[in-house]
Amino acid sequence: MCLAVGAGYAALLYSARAPWSRGVNYALAALRFVVVSFLCYLLLAPFVQTRTTHTEQPTVVLAVDNSQSIKLFTPAPALGQLTAGLPQLAATLRDKGFRVETRTLTQAEAAPDSLRFTASRTDLGRLLADSREANADRNLAAVVLATDGLVNQGQQPQPGESSVPIFGVALGDSIAKKDLRLTDLRYNRVAFSGNKFPLEVEVSYEGYAGGAATVEVREGGRVLQSRVVALPTGRQLVRTAFQLLAPAPGRRRYEVRVRPQAGEFTTLNNARTAFIDVVKGKLRVLLAGAAPHPDLKALRAAILANDNFDLTLAVAGVGAPLPASATFDVAVLHQLPARGGLGQELLARVRAARVPVLYVLGAQSDLGAYNQLNTGLAVQPRGTQTDEVTPLINPGFSRFSFDEETRRRFAAYPPAPVPFGDLRLSGGTEAALWQQVGRLPTQKPLLAISGAAAPVRTATLLAENTWQWRLTEAAAHQDRPEAYDRLIGRTLQLLTQNANRKRLDVYPTQDAFGTEDDVTLAAETYNAVFERIYDQKITLTLTDSTRRPVRSVGFSSAADGAPLHLGALPAGTYRYQARATLGGQPQTASGELLVQNQPLEAQETRADLRLLRQLSERSGGHLYYPSQLDQLAQAIEKANFKPVISSEEDLKELINIKWLFFALLALLGAEWATRKYQGGV
């Protein structure tokens, strides 16, 4: 059909007499026949099928452990054979048609003749995994793993898990050396000031069995404790424990050392550092009541729900009196001062101690005596009338926050009685909660908290029978009255918070960094009751041991917890000072960070060739030594790894082939030019 259309079109156009010769006329007709026929053919959407063949040569990865332990403990002749033989091995394999890729612990692509054994950690599992992942789309044939088998970071590779053969090259030295090593420290990272805490030390030894070693605990160059530890025959490990006294609150750094002995192979593994955060002890809370009351049980349960509180309960006229030696940091006084002078001794004891107080008012409260305590709230009752109210959150109160779930739980509380009358706040006192009477919100205070400038911080809860609040919430939320407990806990935390206490915390993300590590600092910012807030601007200045500024940076406390990255720093002790303005108050935080040439690579001097042999044999490979790299190349060649040949078929419509368009255009152009040249139109 296409040919018929082309022939008809050519015959119609060139059948008439023309001013050119018959031969030219036939040529022009042929051109028009070809073009029209092909255009008609393109209208049928024809396509062509193409096939492309790819040949993927087998890939061999030279995975080299370039950690410090290789240089420290591999005999010099063997190390020289490795550094000279690896480039030759790579060249030989390439000549045999292999694609060769060299990877190290620190470089994804490395030249085999540029190895520097400086890595401070060994993660063989990651090295092998990266080698497989990077060649997932290639024809990975084998991995040559040159290592001493010692792993001190990440997961140890498991024999038999490799899908390709591993040819091990044994480095290091498997002969035991005379050495003392401090292999582990065990301790709690937090200790309470004034208490003793244990520090357990683990010492490994080779060649010193039957003797003794001296272990020291130092702080700031001063020896705190020293102990001689026996090294029994037939063992290679001993443990000993120190009992240290936690000093004033702060971050403390202790250095534990094993004294070097004669003939020791290396002393790089004789010391470790322990970091302890010393904190103040638990807050001591006195819960005192004028008489037994269900509220006391609810308050007691709410206080004990917080692990930072240590509670003492005292009820006037019930049980043994409060010991004269008892001290506390904050008091909760339920209906004290009370009518008839009940509990006057407890009230006098609290006022003499000048500790912060949470007053809980009720039917037994002596409101006249309460008004004389200068709490920042004055209550002028109208007889004995009460209002039945539920808590309503004051959105303008910012010293601690309430979430939406707490708001919903408060709304479900049953009404509680409060004194009916005039309530007046003064002296910077704020209402954290207002009273809601039925469905009517009011701006009468339900929970009032004094300002930071008050001589003694106080808070007042005007509701009685709040035990019903806690019981109702527990029944509705699987015995988890979190809103009630948080309300009491946060109020006590706010009362005991020193007005000058820092709310900016900046700290290193690790106890110590290596010289090759990216030094990072985390930052936390808090409101007045130590609830996290974010996106606060912080300025940090870093100085070295000579107090010379090293770096000054600005950053923000990120909601996603992203730390501040300082990059790699030279070995040394650095001091930092951070500044921020939180809630209109300037805050500072300071501390130190340690950058050291961490001796992780010196902790174990004996190569673990058992692991390397298992990795090789269970994957179908074999173990070699640096002097056998030629044999290794021959073994890889004899393994007869085949290239992978793949083909790809592609269907493409002719109308989308650009060169056909230009070919047709050229034919039409040739026809037009000939006609013009021959005097046609």
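# A tour of rings and charges

Begin by selecting Tyr413, which is buried, with 4% relative accessible area. Keep in mind as you go that the model you have open is predicted.

**Stop 1: a stacked pair.** Which arrangement do the rings of Tyr413 and Trp469 adopt? They make a stacked aromatic pair, with 5.2 Å from centre to centre and 20° between the planes. Now trace the chain from one partner to the other: Tyr413 sits in the loop between helix H9 (404–411) and strand E19 (416–425), while Trp469 belongs to helix H10 (residues 467–476). The pair links distant parts of the chain, 56 residues apart.

Together with Tyr413 and Trp469, they form one aromatic cluster.

**Stop 2: a tilted pair.** How many aromatic pairs are there? The count comes to 7. For another of them, select Phe197 and Tyr254: their ring centres are 6.0 Å apart and their planes meet at 55°, so this pair is tilted. Stacked rings would need planes under 30 degrees apart, and edge-to-face rings over 60, so 55° falls into the tilted group. Colour strand E8 (residues 196–206) to find Phe197, and strand E12 (residues 250–258) to find Tyr254. Because the partners are 57 residues apart in sequence, the pair ties together separate parts of the chain. Are these two residues buried or exposed? Phe197 is buried, at 5% relative accessibility, and Tyr254 is buried, at 2%.

**Stop 3: charges over rings.** Select Lys177 and Phe265. Lys177 lies over the face of Phe265, 5.4 Å from the ring centre. Then move on to Arg227, which lies over the face of Phe242 at 4.5 Å from the ring centre.

**Stop 4: salt bridges.** Side chains of opposite charge can pair when their charged atoms come close. Across the whole structure, a search finds 30 salt bridges. Here are a few to click on.

Start with Arg259 and Glu216, whose closest N and O atoms are 2.5 Å apart. Arg259 is in the loop between E12 and strand E13 (271–279), and Glu216 is in strand E9 (residues 212–219), so the bridge ties together parts that are 43 residues apart in sequence.

Asp485 lies in helix H11 (residues 482–496) and Arg470 in helix H10, 15 residues apart. Asp485 is buried at 12% relative accessibility, and Arg470 is buried at 18%.

For the next bridge, select Arg548 and Asp544, with closest N and O atoms 3.3 Å apart. Which of them is exposed? Arg548 is, with a relative accessible area of 55%, while Asp544 is buried, with 12%.

**Last stop: a network.** Finish by selecting Asp184, Arg186, Glu200, Glu202 and Arg239 together. Salt bridges that share partners join these residues into one network.

Key:
Residues numbered from 1 in each chain as written. Predicted model: local features only at pLDDT ≥ 70, side-chain atom pairs only at ≥ 80, totals over all residues. Heavy atoms only, no water. Phe/Tyr/Trp six-rings, centres within 6.5 Å; stacked < 30°, edge-to-face > 60°. Helix = DSSP H or I, 4+ residues; strand = E, 2+ residues; numbered from the N terminus. Buried < 20%, exposed > 50% of the residue type's maximum accessible area, 1.4 Å probe, protein only. Lys NZ or Arg CZ within 6 Å of the ring centre and 35° of its normal. Salt bridge = Lys/Arg side-chain N within 4 Å of Asp/Glu carboxyl O.
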